[in-house]
Amino acid sequence: MTAESNKRAIRRALVSVYDKTGLEDLARGLHEAGVELVSTGSTAAKIAAAGVPVTKVEELTGFPECLDGRVKTLHPKVHAGILADLRLEDHQRQLAELGVEPFDLVVVNLYPFRETVASGATPDECVEQIDIGGPSMVRAAAKNHPSVAVVTSPARYGDVLAAVQDGGFDLTTRKRLAAEAFQHTAAYDVAVASWFASSYAPVDDSQFPDFLGATWERKNTLRYGENPHQPAALYVSGTGGLAEAEQLHGKEMSYNNYTDTDAALRAAYDHDIPAVAIIKHANPCGIATGADVAEAHRKAHACDPVSAYGGVIAVNRPVSKEMAEQVAEIFTEVIVAPDYEEGALDALTKKKNIRVLRAPEAPSAPVEVKPIDGGALLQVTDRLQAEGDDPATWTLATGEALTEAELADLAFAWKACRAVKSNAILLAKDGASVGVGMGQVNRVDSAKLAVERAGAERAAGSYAASDAFFPFPDGLEILTEAGVKAVVQPGGSVRDELVVEAAKKAGVTMYFTGTRHFFH
């Protein structure tokens with residue numbers, strides 16, 4: 001290693017990988033560059049089968065691989081060769097006395113623990129996939145990065161072969177490789193610890209484990225956060241979803257784009273039939289279902305065309321050319337859908353700045369994590385899974401039972417209301433929102449806002465949903481005076497009798513769900 005370059009030539013490499021992608025090419029390239037290869041088990045067999053000379057680790061250690069492969073590399077002749085700090089004369093002297101040759105490169109990736117758990121394997125099978133020797137070698141090499149380069153991803157093999165031809169990796173790159181290695185083992189350990197805590201050895205009967213671990217990788221740095229003075233970045237968990245959606249067109253996504261798009265996707269996928277949600281500042285400008293997505297979009301946009309300007313659109317079906325042409329006539333920040341039919345992208349991409357995303361899967365995160373100062377809150381995601389979300393379980397509190405078609409409109413209002421920030425009142429007609437009252441600190445103001453946004457004509461004969469009970473009759477009376485036909489609400493107020501009496505007096509049908517949908 002020269003003081004000028006900090007490069008350390010690669011003369012000897014230890015290779016032990018479960019993922020054998022690109023292994024033969026790596027081995028050939030190293031051998032052709034004069035690098036001695038030492039390897040283990042099936043890795044050595046694959047290298048040898050490729051016609052590349054390789055020393056098996058048991059030949060190096062003089063100790064056979066044993067215990068069904070559990071012990072292969074846990075030996076001083078391996079770890080001393082990795083951990084020797086070659087900047088120190090004393091370490092070099094000890095290696096010489098012990099007859100240990102140092103390694104300049106360690107290439108290791110780990111047993112597929114997460115994949116094994118996800119496959120539904122038995123506990124014993126999962127335990128067997130907890131790698132011991134692999135993380136030991138990776139951590140040792142990463143610690144000793146002044147003397148050793150460590151590689152944990154096949155995506156880096158090209159860099160390895162280039163470095164071999166160029167005198168080795170410099171210190172800056174070895175540090176970066178070490179950082180990647182520690183990230184690799186950290187994510188692995190979090191996966192193992194999380195499985196033990198949640199499934200294999202939980203501390204109690206709670207559905208929430210006593211240990212919660214997760215790892216994210218930065219995908220990109222954003223221009224800024226909610227406001228220009230707040231730096232921000234996007235991190236991904238490797239599980240897909242919006243964070244890893246494919247952007248097909250448009251400007252870079254912003255922090256606010258992501259938060260609104262997330263809310264829009266959740267709102268659209270609350271519905272089983274073709275649905276469109278238009279979101280602004282995390283609240284719906286309109287939500288609608290239809291025979292197809294073009295009809296659903298027209299109905300959703302009609303709810304509040306003024307607010308929909310510059311909104312975010314989510315669709316739970318592929319976007320048709322007809323819908324795309326409609327969207328192209330309206331200034332829209334983002335559109336996200338599982339796919340785009342022929343001609344749809346042509347229509348959308350005529351607009352230079354609209355961000356077009358493809359997110360093939362429905363939102364599926366089983367839990368939500370909300371950071372608070374000094375900690376985090378964890379809750380099961382609200383996917384309208386409560387018993388009270390099924391209209392068949394509703395209690396008719398007052399008025400005439402609705403027909404099947406009428407009940408479908410009320411059920412739509414109930415589902416759509418879940419996507420509205422509390423306190424939430426939503427008015428609907430024909431499978432579409434017509435008035436949304438969101439985010440008010442009392443239910444009366446939310447009711448007033450919903451009626452005002454709907455207008456007298458649309459409010460009359462509409463179906464109203466409230467995300468929580470009416471604490472007093474006054475909020476309900478705003479709706480009955482506007483002429484709503486029916487109301488669905490959780491019930492449960494100490495004044496339910498007064499509220500029911502007010503509905504009865506107005507001749508309005510009211511159902512209780514027994515389920516609340518606060519959304520903050």
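**From values to terms**

Analyst: Strand 6 (residues 217-222) and strand 7 run antiparallel and are joined by five bridges. One of the bridges links Asn-220 to Leu-234 in strand 7. Please note that the model is predicted.

User: What makes one face of strand 7 the covered one, and which residues lie on it?

Analyst: In strand 7 (residues 232-236), Ala-232, Leu-234 and Val-236 form the covered face, whereas Ala-233 and Tyr-235 form the uncovered one. In a regular strand the side chains alternate between the two faces of the sheet.

User: What is the strand order of the open sheet of five strands?

Analyst: The order is 3-2-1-4-5, and the pairing is parallel. Strand 3 (55-56) and strand 5 (149-151) are at the edges; each has a single partner strand, so one side of each has no neighbour in the sheet.

User: How do you know that strand 1 and strand 2 are paired?

Analyst: Four bridges connect strand 1 (residues 12-17) with strand 2 (residues 36-39) in the parallel sense. The requirement is at least two bridges, so the two strands pair. Within this pairing, Val-15 has Ser-39 of strand 2 as its bridge partner.

User: Which helices lie across strands of this sheet?

Analyst: Helix 1 (residues 23-32) lies across strand 1, strand 2 and strand 4 (105-109), at about 170 degrees to strand 1. Helix 8 (residues 133-143) lies across strand 1, strand 4 and strand 5, at about 145 degrees to strand 4.

User: Why are helix 4 and helix 8 called roughly parallel?

Analyst: Helix 4 (residues 76-83) packs against helix 8 at an angle of about 30 degrees, and their axes are 8 Å apart. Angles under 35 degrees count as roughly parallel, and the term therefore applies to helix 4 and helix 8. On the helix 4 side, the contact involves Val-78, His-79, Ile-82 and Leu-83; these meet Ser-136, Met-137, Ala-140, Ala-141 and Lys-143 in helix 8.

User: What describes the packing of helix 17 and helix 18?

Analyst: The angle between helix 17 (residues 443-459) and helix 18 (residues 473-481) is about 10 degrees, and their axes are 8 Å apart. Helix 17 is therefore roughly parallel to helix 18. Val-444, Ala-447, Lys-448 and Val-451 of helix 17 make the contact with Asp-474, Gly-475, Ile-478 and Leu-479 of helix 18.

User: Is Asp-272 buried or exposed, and how do you know?

Analyst: Asp-272 has a relative accessible area of 60%. A residue is exposed over 50%, so Asp-272 is exposed. Asp-272 is found in the loop between helix 11 (255-268) and strand 9 (275-280). Leaving aside residues up to four places away in sequence, Asp-272 touches Asn-316, Arg-317 and Lys-415.

User: Why is the protein chain called more spread out than a compact globule?

Analyst: The protein chain has 19 helices and 21 strands. Its radius of gyration is 31 Å, well over the 24 Å that the globule rule gives for 520 residues, so the protein chain is more spread out than a compact globule. The C-alpha trace spans about 100 × 55 × 45 Å along its principal axes. Buried residues make up 47% of the 520 residues.

Terms used: Residues are numbered from 1 along each chain as its sequence is written. This is a predicted model: local features need pLDDT of at least 70, side-chain atom pairs count only at pLDDT 80 or more; totals for chains, interfaces and linings use all residues. Side-chain values use heavy atoms; hydrogens and water are left out. Contact means heavy atoms within 4.5 Å. Axes are lines fitted to C-alpha atoms, for helices over the stretch in contact, and angles run from 0 to 180 degrees between N-to-C directions. Buried means under 20% relative accessible area, exposed over 50%, partly exposed in between (1.4 Å probe, protein chains only). The radius of gyration is taken over C-alpha atoms; the globule rule is 2.2 Å times the number of residues to the power 0.38. Angles under 35 degrees count as roughly parallel, over 145 as roughly antiparallel, 65 to 115 as roughly perpendicular and the rest as oblique.
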